[in-house]
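Morning, everyone. Please have a look at it first.

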Amino acid sequence: NNHLKIETAKMKKRPPLNLISYELSEYTQTATLFIDRICSDFTHTVRHYLHLLYKKHVDMIYADINLMQCNRVDEAVKILKEEGFVFSGVLFFRKGSDDYLRLQMPNSDNVETRQFVCHSNFCHRLVNLINAELDAF
């Protein structure tokens with residue numbers, strides 16, 4: 001018997017990571033950032049992804065924030081608005097069964113934001129709200 005002592009290794013707890021992904025739509029010339037979780041370095045991470053998407057020359061960039069998993073939605077919205085995003089709507093059951101808050105940022109002068117046909121008062125008010133936010137930026 002060599003008297004070796006067996007001890008359980010103590011693992012350091014890993015810091016939480018941002019959980020962000022994106023997808024491109026060649027058909028609509030858009031990109032969507034999926035934001036499921038944010039951490040303290042979210043500003044840096046989202047800017048990194050935006051620079052990647054700027055290089056893709058898409059006309060519109062959407063940011064979909066997971067309302068079921070992201071525990072810092074207000075902070076994410078604040079940072080995205082500073083980057084030029086505006087409110088766009090809520091997407092129910094967007095990925096899986098989770099609901100997402102959608103923000104949008106035109107990345108081209110070729111995006112039409114005025115000539116929409118609205119079939120409800122709510123839609124008309126929403127388009128006016130989005131255009132007012134775009135004009136204010």
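Let's start with strand 2, residues 30–37. Strand 2 is mostly covered, with seven of its eight residues buried. Buried means under 20% relative accessible area, exposed means over 50%, and partly exposed is in between, with a 1.4 Å probe and protein chains only. Helices (H or I, at least four residues) and strands (E, at least two) are DSSP runs, numbered from the N terminus.

A word on the source. This is a predicted model: local features need pLDDT of at least 70, side-chain atom pairs count only at pLDDT 80 or more, and totals for chains, interfaces and linings use all residues. Residues are numbered from 1 along each chain as its sequence is written, and side-chain values use heavy atoms, with hydrogens and water left out.

Now the neighbours of strand 2. Two strands pair if DSSP finds at least two bridges between them. Strand 1, residues 19–25, pairs with strand 2 in the antiparallel sense, over seven bridges. Take Ile20: its bridge partner in strand 2 is Ile35. Strand 3, residues 60–66, pairs with strand 2 in the parallel sense, over six bridges. Here Ile35 stands opposite Ile65 of strand 3.

How do the chain connections run? Strands 1 and 2 form a hairpin, with four residues between them. Strand 2, helix 1 (residues 42–54) and strand 3 make a right-handed β-α-β unit. Right-handed means this: with the strands pointing away from the viewer, the path from the first strand over the helix to the second runs clockwise.

Next, the loops. Most residues other than glycine have a negative phi. Which way does phi go at Gln29, positive or negative? It is positive, near 55°. Gln29 sits in the loop between strand 1 and strand 2. Its relative accessibility is 32%, so Gln29 counts as partly exposed.

His57 also has a positive phi, near 60°. Find His57 in the loop between helix 1 and strand 3. At 62% relative accessibility, His57 counts as exposed.

Last, the surface. Leu67, Met68, Val90, Phe92 and Phe93 form a nonpolar patch, with about 540 Å² of accessible area together. Patch residues have over 30% relative accessible area and no salt bridge; like charges are joined within 9 Å, nonpolar side chains (Val, Leu, Ile, Met, Phe, Trp, Tyr) within 5 Å. A salt bridge is a side-chain nitrogen of Lys or Arg within 4 Å of a carboxyl oxygen of Asp or Glu. Areas come from the Shrake-Rupley method with a 1.4 Å probe; for residues, only the protein chains shown count as cover. Phe92 belongs to strand 4, residues 86–95. Phe92 counts as exposed because its relative accessibility is 59%.
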